[in-house]
Amino acid sequence: PSRRSSMRTRGAPPSDAQCRCAAALWDWRDRTARAEDESAAATCPDAALARIARALPRSIAGLLGLVRPAPVALVAHGEEVAGLVLDSIREQEEREGGTKRTLDALLRRAPGAVPAARHTRFDGGDEEGEEEWATPGPGRH
């Protein structure tokens, strides 16, 4: 099965962090299987990787608690795998934080400034597409 089909569930679609985590886990399994001259399925089954990627456990204990019985490679490389999961979570948080910081910076262009309401004009007005900024009046936020 592919990574994508293994991540399908009946609930909400996987988040970006879950998708990044799944990709990192499948890459880890491939590298580990090749290094140990073992099959990918024997190293760690698809179902186990998908369960880890969906749950995004934040500790080794949480990671190993998801997969029973835990494959030998997963136990032996628990710290590395937990690090991959945490990196995926951190990347997601950084992206979300970056988006929030960008939005905050846009809203701070002028104290109290908000994008002005724009109306479509058919007489050629505002052809440049420039955004207008206005300060809200009293009682308008």
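Author: Helices are DSSP runs of H or I with at least four residues, strands are runs of E with at least two, and both are numbered from the N terminus. Arg-29 sits in one such run, helix α2, which covers residues 16–35. This is a predicted model, in which local features need pLDDT of at least 70 and side-chain atom pairs count only at pLDDT 80 or more, while totals for chains, interfaces and linings use all residues. Residues are numbered from 1 along each chain as its sequence is written, and side-chain values use heavy atoms, with hydrogens and water left out.

Reader: How many helices and strands does the chain have?
Author: Seven helices and two strands. From the N terminus, the order is α-α-α-α-α-α-α-β-β.

Reader: Why is Arg-29 called buried?
Author: Buried means under 20% relative accessible area, exposed means over 50%, and partly exposed lies in between (1.4 Å probe, protein chains only). Arg-29 has 9% relative accessibility, so Arg-29 counts as buried.

Reader: Which other residues of α2 are buried?
Author: The buried set of α2 includes Trp-26, Trp-28, Thr-32 and Ala-33. Ala-17, Gln-18 and Arg-20 are also among them.

Reader: What does Arg-29 touch, beyond its neighbours within four places in sequence?
Author: Contact means heavy atoms within 4.5 Å. By that test, Arg-29 meets Ala-40, Thr-43, Cys-44, Pro-45, Asp-46 and Leu-49.

Reader: What makes Arg-29 and Asp-46 a polar contact?
Author: A polar contact is a pair of N or O atoms within 3.5 Å. Within protein, one atom must be able to donate a hydrogen and the other to accept it, and residues adjacent in sequence count only if both atoms are side-chain atoms. The side chains of Arg-29 and Asp-46 are joined at 2.8 Å, so the pair meets the distance limit.

Reader: Why is the pair of Arg-29 and Asp-46 also called a salt bridge?
Author: A salt bridge needs a side-chain nitrogen of Lys or Arg within 4 Å of a carboxyl oxygen of Asp or Glu. Arg-29 and Asp-46 meet at 2.8 Å, N to O, so the pair qualifies. The pair links distant parts of the chain: Arg-29 in α2 and Asp-46 in α4, 17 residues apart.

Reader: Is Asp-46 buried or exposed, and where does Asp-46 sit?
Author: Asp-46 is in helix α4, residues 46–55. Its relative accessibility is 17%, so Asp-46 counts as buried.

Reader: How many salt bridges does the whole structure hold?
Author: Six. One of them joins Glu-80 and Arg-31 at 3.6 Å, N to O. Glu-80 is in helix α7 (residues 78–107) and Arg-31 is in α2, 49 residues apart. Glu-80 has 36% relative accessibility, so Glu-80 counts as partly exposed. Arg-31, at 45%, is partly exposed.

Reader: What makes Glu-93 and Arg-58 a salt bridge?
Author: Their closest N and O atoms are 3.7 Å apart, so the pair falls within the 4 Å limit. Glu-93 lies in α7, and Arg-58 lies in the loop between α4 and α5 (60–66), 35 residues apart. Glu-93 is partly exposed, with a relative accessible area of 43%. Arg-58 has 56%, so Arg-58 counts as exposed.

Reader: Why is Thr-43 called buried?
Author: Its relative accessibility is 2%, so Thr-43 counts as buried. Thr-43 belongs to helix α3, residues 40–43. Its side chain reaches the backbone oxygen of Ser-39 at 2.9 Å.

Reader: What surrounds Thr-43, beyond its neighbours within four places in sequence?
Author: Its contacts include Trp-28, Arg-29, Thr-32 and Ala-33. Pro-71, Ala-73 and Leu-74 are also among them. Thr-43 and Val-72 are 29 residues apart in sequence, yet 7.4 Å apart in space, C-alpha to C-alpha.

Reader: What do the totals for the chain show?
Author: Buried residues make up 28% of the 141 residues. Of the contacts with a separation of 6 or more, 48% come from residues 24 or more positions apart.
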